[in-house]
Amino acid sequence: MKILYAASEAYPLIKTGGLGDVVYSLPRALNRLGDSVRLVLPGYGQVLDEAGPLDVVAEWDIPGAGTVHHVRILQTQLEGLGERLYLVEVPALFGRPGNPYVQENGIDWPDNAERFTVFSRAVAMLALQSPDPDWQAELVHCHDWQTGLVAAFLSQSPQSPATVFTIHNLSYDGYFSHQDFTRLHLPAAWWSPDYIEFYGGFSMLKAGLVFSDRVTTVSPSYAKEICTPEFGYRFDGLLMFMGDKLTGILNGIDLDTWNPASDRYLAAHYGAIRNRIKSKRINKTDLLQTVGLPDNDAPLLGFIGRLVHQKGIDLVATMLPELFEQSTAQVVILGSGDKLFESSLLALAKQHPERLHVFIGYSESLAHKIEAGCDLFLMPSRFEPCGLNQMYSLHYGTPPIVNDTGGLADTVVDTTPTTLKNRTANGFVFRETSADALLDCTLRALDCLAHPRAWHQVCRTGMQQALGWEASARHYQQLYQLEISP
Ligand code: ADP
Ligand code: GLC
């Protein structure tokens, strides 16, 4: 099957979170199963610099907000990044350095509506007018709000390929004003609650939901949760009425990139049985040296993620002083995001320099070292569409401590006498979103760590879990098949 994937980020070229990982690894899994997936991304300056030699395969004039942009479609072939990679080059919109979505101060780029409308128009044109006579997309699979308008533009053509839209995070809805709607020359008929109008403005995510043939999200539990007001971000009514147009398919992890037996960032390699205890010790020492924490024998807990309300980082900050009182645990935190969270974590680290290390920024190598070197991994998200970090930590023998929500609930089994007995326990789950519940759960996990027999069983169960992409990729294939078969 010929499938065009459209997204705003893809590892290793440009990544801010799990979306980048999925857009890299799911096409790889599908191509391995015999599909032909090509990928299209915005031509960010940083991406053009890193992508190597590029061919210009199409040039179009595309309307933006008040101007017409000369858009070039560049093509390359990069190991692992789709079967081909297309980049939409519009220097005025994507040629700037920095984060793809926000400025240095954390505030959205002011022209995001225009940037991702022009990108979506270009993707739709690429799908309809393939520059390669031997390759015509049968299906276009779009990811998150930045590509929401693709299916809307495609719906204007009678030859439109089938469309699938995946929600990676409903709380980012691509919401813009009526003024933007007009400036971007979107069809007047779309300004309706039945189409993309949304509470007085319009939502690009809603465009993806309304115009696509199928909607998926990244775990079965999140697919149910988003049909409720608590997690639905005002889309719950629309999603609830979708019936089986909406499916939840659990993400997988890329076992080439995230594999403790071959990970290039680790001081020592290991498997579920082979060298695990010895190598994890070496990795712990290496991590402690890297971050400058002192105690090799104290339990070590890690956190990696965007420092935003979703991830429950405030719950971690609230519980840490009490955790330090009640245990000898040390903690390492890697992340960036909300400036308030960043500064409160740095202040906390200053108060507890022997117990807490906070690294504000993005570091691929530190992320891998934390997954391997810690004893436990903290992921107390308020909601989590899927979550990759808890799966990486399961696979690295670093049991996760998670809230009972979304993809966390679908991948982590709490350690109890029953789950130890039936050998399903792989982590620690709390069920009330509060710092107290997180603290209790963390203390429970530390207690388990002190009981080697139970502890090693929990670690091994996580490591032996099937977390790769194959099963989920096959599930996507079945879904695609439903749309393209007559
Ligand atoms: P989300 O997509 O909501 O951010 P996920 O758990 O699905 O959460 O994926 C996060 C991905 O981003 C993981 O690959 C994680 O290692 C990575 N990541 C997040 N923050 C950082 C950081 N500061 N440095 C390195 N990697 C990070
Ligand atoms: C989003 C979600 C995360 C998910 C990732 C990849 O960023 O917040 O839960 O794992 O997308 O699908």
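Which polar backbone atom lies 2.8 Å from an oxygen atom of ligand 2? In this predicted model, for which local features need pLDDT of at least 70, side-chain atom pairs count only at pLDDT 80 or more, and totals for chains, interfaces and linings use all residues, the atom belongs to glycine 387. Residues are numbered from 1 along each chain as its sequence is written, chains are lettered from A and ligands numbered from 1 in the order in which they are written, and side-chain values use heavy atoms, with hydrogens and water left out.

Polar contacts are taken as pairs of N or O atoms within 3.5 Å. A polar side-chain atom of glutamate 384 lies 2.5 Å from an oxygen atom of ligand 2, and one of glutamine 310 lies 3.3 Å from an oxygen atom of ligand 2. Taken alone, ligand 2 exposes 310 Å², of which the protein buries 94%, the accessible areas coming from the Shrake-Rupley method with a 1.4 Å probe. Among the 14 residues around ligand 2, His168, Asn251, Glu384, Cys386 and Gly387 come nearest, where a residue is near if one of its heavy atoms lies within 4 Å.

Around ligand 1 there are 20 residues, of which Gly18, Asp21, Arg306, Lys311 and Gly361 come nearest. A polar side-chain atom of lysine 311 is placed 2.7 Å from an oxygen atom of ligand 1, while a polar backbone atom of glycine 361 lies 2.8 Å from a nitrogen atom of ligand 1. Taken alone, ligand 1 exposes 560 Å², and the protein buries 94% of that.

Definitions and conventions. A polar contact is a pair of N or O atoms within 3.5 Å; within protein, one must be able to donate a hydrogen and the other to accept it, and residues adjacent in sequence count only if both atoms are side-chain atoms.
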